[in-house]
Amino acid sequence: MQTIFDAEFAREPWPVLRSLRDDGGVHRVATPDGPPAWLITRYADVRAGLLDDRLSTNLRYSRGDDYRGFAVPEPLDVFQSSEPGDLARLRSLVVGELRLAGDWSERAAELVGKCVAEVNGAAEFDFVARVALPLPAVILGELLGLPESERDSLAAWAEATMAPDARPRARDTLSAMQRIISAVIARGRDGADDTMLGRLVRSGIGGTAGDSGELPGLLFYLLFVWYEVLMDVLAGAVLTLSTRPEQLAELLSAADRSVAVDELLRFLSPQVLASPRFATTDLVIAGRSIAAGETVLLCLASANHDPERFTGTVESNGAVALDVRRAPNPHVALGHGAHACVGTALLRPVLASILGELYLHLPRLRAADTEQNVPWRSGFRHRGPLTLPVLAR
Ligand code: HEM
């Protein structure tokens, strides 16, 4: 069994992932918490795994001592534990609401303007603390229709969980989440709230009990699950574009910036792994036998840098170089298949608009230090800079 998930992996996973791909692609690894799992690293196997209904996200198929993932308490795990029919119903409810929210790019641009104004002309600041961390709360709050008090609670939760000096304790984090979810449900139930959350609360999911069943799980995803990846992709993009001015110029002059957004998602792969899958039956992947109940980690980041699938320069660290004009771009940074990200349609225009607006206000924005000196958070499922000192003038 190999131990690969260390602090160096968080900063620079590419050399290790390249060697795992070159050496058969499927490996038994130790997770940072200790329990083992199968890690799938080649693009073809990862993509096939995302479509394979013998690999379930439902924890009830887990057996033995394998890694079981971040233990989301039961009422919150709807997207992982629902049967296929319920999953499709929930997903279409969210996708429908997101579609109703319309084109969010203009509103997102305004909100970025406000957030950048708060930096107040500073010549140097920490981009994570001042922009990437607070911005998702502002955008989410507005998009989902959170009143001021809940928006403040969301921002406080993010600060306590993800700020560089935060030492989050799962129990405190979960209780803060539960409080926000209960407030959203109570307000939605009083009926006056014509926002996305208000409509979801009244849509009849989860029955009338309100805080049991599917509804809290749905809100949990909408409010919290994508927070960290959005923050990671923003800080990661600024860091990456700092040393690639020609790519930044291409991005800013593109007629359709969502092509560049997809490439940044591929290159950065902020969600390193898909949610753990559990083998529902004995199966074989790339010649390795996986027993029913064992845990399979599909490595989206590795698939996204597999030179067998993505052409272009392979950098000395094994990463396939950033090319913001890459099209088609069949990356799996947002997953694929039954559990693919439901936020995709919203995400592309919003991210394109945030990046455009950011550089419009701060055209000289760049990292103050070299990529090697930027500290990365040491989670193994997500990746993003812990802090990012930037120069703005
Ligand atoms: C940079 C931003 C984002 C990234 C990188 C991202 C990435 C992902 C990935 C990789 C998955 C698939 C996980 C798997 O197969 O195990 C996923 C699922 C999901 N995402 Fe996103 N996401 C982002 C933003 C969003 C947004 C904007 C929303 C909604 C507003 C959202 C809601 C969800 C939900 C509900 C799921 C679970 C779907 C399911 O299990 O059926 N995400 N996301």
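Three helices, α5 (84–100), α12 (214–225) and α17 (344–361), each supply at least two residues of the shell around the ligand, where helices (H or I, at least four residues) and strands (E, at least two) are DSSP runs numbered from the N terminus. The model is a predicted one, in which local features need pLDDT of at least 70 and side-chain atom pairs count only at pLDDT 80 or more, while totals for chains, interfaces and linings use all residues. Residues are numbered from 1 along each chain as its sequence is written, and side-chain values use heavy atoms, with hydrogens and water left out.

The shell around the ligand holds 24 residues, of which Arg91, Ser275, Arg277, His339 and Cys341 come nearest; a residue is counted as near a molecule or strand if one of its heavy atoms lies within 4 Å of it. By residue type the shell divides into 17 nonpolar, five polar and two charged residues, with Ala, Val, Leu, Ile, Met, Phe, Trp, Tyr, Cys and Pro counted as nonpolar, Asp, Glu, Lys and Arg as charged, and the others, Gly among them, as polar.

Which protein residue donates to the iron atom of the ligand? The only protein donor is Cys341, through its SG atom at 2.3 Å, where donors are N, O and S atoms within 2.8 Å of the metal (3.2 Å for Na, K and Ca), and where sites may look incomplete because water is not among the atoms. Cys341 lies in the loop between α16 (300–303) and α17.

An oxygen atom of the ligand is 2.8 Å from a polar backbone atom of Ser275. For Arg277, an N or O atom of the side chain is 2.6 Å from an oxygen atom of the ligand, and for His339 the distance from a side-chain N or O atom to a ligand oxygen is 2.6 Å.

We turn now to charged pairs within the protein. Side chains of opposite charge can pair when their charged atoms come close. A salt bridge is a side-chain nitrogen of Lys or Arg within 4 Å of a carboxyl oxygen of Asp or Glu, and by this rule the count comes to 20 salt bridges. In one of them the side chains of Arg377 and Glu228 meet at 2.4 Å, N to O. This pair links distant parts of the chain, since Arg377 is in the loop between β10 (366–367) and β11 (389–391) and Glu228 is in helix α13 (residues 227–242), 149 residues apart. Arg377 is buried, with a relative accessible area of 15%; buried means under 20% relative accessible area, exposed over 50%, and partly exposed in between (1.4 Å probe, protein chains only).

Glu263 takes part in a salt bridge with Arg266, the closest N and O atoms being 2.8 Å apart. Because they are three residues apart in helix α15 (residues 258–268), Arg266 and Glu263 are separated by about one helical turn. Glu263 also forms a salt bridge with Arg326, with the closest N and O atoms 3.0 Å apart. This second pair links distant parts of the chain, Arg326 being in the loop between α16 and α17 and Glu263 in helix α15, 63 residues apart. Glu263 counts as buried at 0% relative accessibility, and Arg326 is buried as well, at 9%.

Strand β3 (residues 36–40) is largely enclosed by the rest of the structure, because five of its five residues are buried. Pro36, Trp38 and Ile40 point one way from β3, and Ala37 and Leu39 the other way. Two strands pair if DSSP finds at least two bridges between them; five bridges join β3 to strand β2 (residues 26–30), and these two run antiparallel, with His27 opposite Leu39. With strand β9 (residues 295–298), β3 pairs in the parallel sense over three bridges, and Trp38 stands opposite Val296 there.

Finally, helix α8 (residues 134–144) is mostly covered, as eight of its 11 residues are buried, including Leu135, Ile139 and Leu143. Just after α8, Gly145 takes a positive phi of about 85°.

Technical notes
A polar contact is a pair of N or O atoms within 3.5 Å; within protein, one must be able to donate a hydrogen and the other to accept it, and residues adjacent in sequence count only if both atoms are side-chain atoms.
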